[in-house]
Amino acid sequence: PTVKALRRASKSVHPQKPDINEQGWDLKPVLKLLDSIDNKKATLKELSQKAVVLLAIASFWRVRSDFARINMEDVRITQTGMTMIATAPKEGEFKKTTISRYDKNPNICPVATVEEYIKTTKNLRSPTAKKLFVLFRRPHSDCTDDTLGRWTKAVLKKLESQQLHTR
């Protein structure tokens with residue numbers, strides 16, 4: 001236990017510096033893929049996955065631990081954007097963010113996508129569903145954090161598959 005404590009203390013005093021030459025992550029292919037999914041014509045599965053990924057990009061929140069804690073009552077959509085609150089995230093009592101509309105391309109606008117998602121799921125939701133994200137299969141109950149993680153991975157795998165076929 002003493003050696004572990006010493007290691008932890010050493011890491012906090014001398015944190016490892018990130019590699020400046022490490023390449024960043026290019027969002028263009030992800031946005032191109034999401035743009036190819038029309039909000040109005042998408043299946044519930046496609047719309048669900050698209051909404052989660054766009055919100056992740058726009059909010060910088062953790063998909064699993066934060067998105068699973070967004071209640072429908074804590075989402076406000078206006079003409080200019082959207083405000084949402086996650087209750088009991090890892091960082092404390094609550095987490096709040098506001099995301100502006102992206103009018104240049106509503107098809108990759110997180111606000112427009114979530115707005116369409118809410119409209120699409122309004123009459124499908126289980127009576128017990130309280131969260132923003134619900135399962136795209138019956139009984140359309142609240143999503144777990146694992147499900148939200150799988151949705152994100154599914155989009156990234158689809159992107160990876162497309163990139164392999166275009167090389």
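Me: As what does threonine 144 count by its relative accessibility?
Reply: This is a predicted model, in which local features need pLDDT of at least 70, side-chain atom pairs count only at pLDDT 80 or more, and totals for chains, interfaces and linings use all residues. Residues are numbered from 1 along each chain as its sequence is written, and side-chain values use heavy atoms, with hydrogens and water left out. Relative accessible area under 20% is buried, over 50% exposed and in between partly exposed (1.4 Å probe, protein chains only). Threonine 144 has 41% relative accessibility, so this residue counts as partly exposed.

Me: What distance separates the C-alpha atoms of threonine 144 and arginine 69?
Reply: Threonine 144 lies in the loop between α5 and α6; helices (H or I, at least four residues) and strands (E, at least two) are DSSP runs, numbered from the N terminus. Arginine 69 is 75 residues away along the chain, and the C-alpha atoms of the two are separated by 9.3 Å.

Me: What pattern does the protein chain follow along the sequence?
Reply: The protein chain has six helices and three strands. Of its 167 residues, 38% count as buried. In sequence order the pattern is α-α-α-α-β-β-β-α-α.

Me: With which residues is threonine 97 in contact, leaving aside its neighbours within four places in sequence?
Reply: Threonine 97 lies in strand β3 (residues 94-100). At 15% relative accessibility, threonine 97 counts as buried. Contact means heavy atoms within 4.5 Å. Setting aside neighbours within four places in sequence, the partners of threonine 97 are Ser59, Trp61, Met82, Thr83 and Met84.

Me: Why is the pair of phenylalanine 136 and tryptophan 151 counted as stacked?
Reply: The structure holds five aromatic pairs. Rings of Phe, Tyr and Trp (its six-membered ring) pair if their centres lie within 6.5 Å, with planes under 30 degrees apart counted as stacked, over 60 as edge-to-face and the rest as tilted. For phenylalanine 136 and tryptophan 151 the centres are 5.4 Å apart, and the pair is stacked because the angle between the ring planes is 25 degrees.

Me: How many residues apart in sequence are the parts that the pair of phenylalanine 136 and tryptophan 151 ties together?
Reply: Both phenylalanine 136 and tryptophan 151 are buried. Phenylalanine 136 is in the loop between α5 (110-121) and α6 (145-165), and tryptophan 151 is in helix α6, so the parts tied together are apart in sequence by 15 residues.

Me: Is histidine 140 buried or exposed?
Reply: Histidine 140 is found in the loop between α5 and α6. Its phi is near 55 degrees, a positive value in a residue other than glycine. The relative accessibility of histidine 140 is 7%, so this residue counts as buried.

Me: What relative accessibility does phenylalanine 60 have?
Reply: Phenylalanine 60 lies in the loop between α3 and α4 (63-67). Although not a glycine, phenylalanine 60 has a positive phi of about 60 degrees. Phenylalanine 60 counts as exposed because its relative accessibility is 74%.

Me: Within what arc do the buried residues of α2 fall, seen down its axis?
Reply: Val30, Leu33 and Leu34 are buried in α2, while Lys28 and Lys32 on the other side of the helix are exposed. The arc is that of the directions from the helix axis to the C-beta atoms. The buried residues of α2 line one face of the helix because they fall within an arc of 95 degrees.

Me: At what angle do the axes of helix α2 and helix α3 cross?
Reply: Val30, Leu31 and Leu34 of α2 meet Lys50, Val53, Leu54 and Ile57 of α3. These contact residues divide into six nonpolar, no polar and one charged; Ala, Val, Leu, Ile, Met, Phe, Trp, Tyr, Cys and Pro count as nonpolar, Asp, Glu, Lys and Arg as charged, and the others, Gly among them, as polar. Axes are lines fitted to C-alpha atoms, for helices over the stretch in contact, and angles run from 0 to 180 degrees between N-to-C directions. The axes of α2 (residues 28-35) and α3 (residues 44-59) come within 11 Å and cross at roughly 145 degrees.

Me: How far apart are the axes of α3 and α5?
Reply: By class, the contact of α3 with α5 has nine nonpolar, four polar and two charged residues. The two helices pack at an angle of about 145 degrees, and the distance between their axes is 9 Å.
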